Amino acid sequence: MNALLIIDMQENYFEKHGYNRAIIPKVNQRIVAAVRQKELIVYVKNIAGTDFAEGLQVVSGNVFVKKSPDAFSNLALDTFLKKHWVTAVETVGIDGNCCVYKTALGAIRCGYETYFNLECVGTKSGAVKQKLIEEMREKGIHII
C-alpha cells in the first residue's frame with residue numbers, strides 16, 4: 001500500500017508567510033490521482049498551524065499533528081501507516097527545505113520506500129536547495 005503524506009498545507013502559511021498558492025492546485029491534482037489509485041491519504045498539520053489552506057481538497061479524516069519538522073516525530077503516524085500495511089510514502093506540501101524534507105528523511109529512517117515530489121512541494125525561496133536534493137538521493141529517497 002502506498003500513502004500520500006500532505007505536509008503543512010495550512011492557511012496561515014499562505015497568509016502570513018507568503019507561500020505561493022500555485023502549489024495548491026498541484027497538490028489537489030496529486031490528491032485526485034491518489035484517490036483513483038486507492039492510496040492512503042494522510043494530512044499532517046503543524047501544532048502551531050491553523051485550518052487547512054483555502055481550496056485544498058481534504059478527502060480523508062487521517063490527520064496527524066506534529067510538534068517538530070519531521071511528521072514522524074508523532075509516533076502515531078508510523079503506527080497508523082504500518083497498521084494499514086503501507087510500504088511506500090510520497091511527501092508533498094510545504095516547506096520543501098524544512099518540514100517536507102525532514103519528513104522524507106523520517107520516512108526513510110522508519111523503513112518506507114520514500115518519494116519526494118518536487119512538483120508538489122512549495123518553498124519560500126522558490127526552489128528546494130540542491131544540497132538537500134543530493135542528500136535525499138544519497139539516503140535512498142526517490143526525487144520525482
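This is a predicted model: local features need pLDDT of at least 70, side-chain atom pairs count only at pLDDT 80 or more; totals for chains, interfaces and linings use all residues.

Residues are numbered from 1 along each chain as its sequence is written, and side-chain values use heavy atoms, with hydrogens and water left out.

Let me begin with the interior. A nonpolar core here is a set of buried Ala, Val, Leu, Ile, Met, Phe, Trp, Tyr and Cys residues joined through side-chain atoms within 4.5 Å. Buried means under 20% relative accessible area, exposed means over 50%, and partly exposed lies in between, with a 1.4 Å probe and protein chains only. The largest core has 29 residues, of which V42, L77, L81, V89, F116 and M136 touch the most other members. At least two residues each come from strand 1 (2-7), strand 2 (40-46), helix 3 (75-83), helix 4 (99-109), strand 5 (113-122) and helix 5 (130-138); these helices (H or I, at least four residues) and strands (E, at least two) are DSSP runs, numbered from the N terminus. Helix 4 gives the largest share, 6 residues. A second, separate core holds 19 residues, including L4, I6, I23 and V27.

I turn to the cysteines. How many disulfides does the structure hold? There are 0, a disulfide being a pair of cysteine sulfur atoms within 2.5 Å. The sulfur of C99 is 4.1 Å from that of C98, its closest cysteine sulfur, and this is too far for a bond. C99 is buried at 9% relative accessible area, whereas C98 is partly exposed at 32%.

Finally, the charged pairs. A salt bridge is a side-chain nitrogen of Lys or Arg within 4 Å of a carboxyl oxygen of Asp or Glu, and the count is 6. R21 pairs with E11, with the closest N and O atoms 2.3 Å apart. R21 lies in the loop between helix 1 (11-17) and helix 2 (23-36) and E11 in helix 1, so the bridge ties together parts 10 residues apart in sequence.

D70 and R109 form another salt bridge, at 2.7 Å. This pair links distant parts of the chain, 39 residues apart. D70 is buried at 12%, but R109 is exposed at 60%.

Within helix 3, K82 and D78 are 4 residues apart, about one helical turn, and their side chains meet at 2.7 Å, N to O. Lastly, R30, E39 and E90 are linked in a network of salt bridges.
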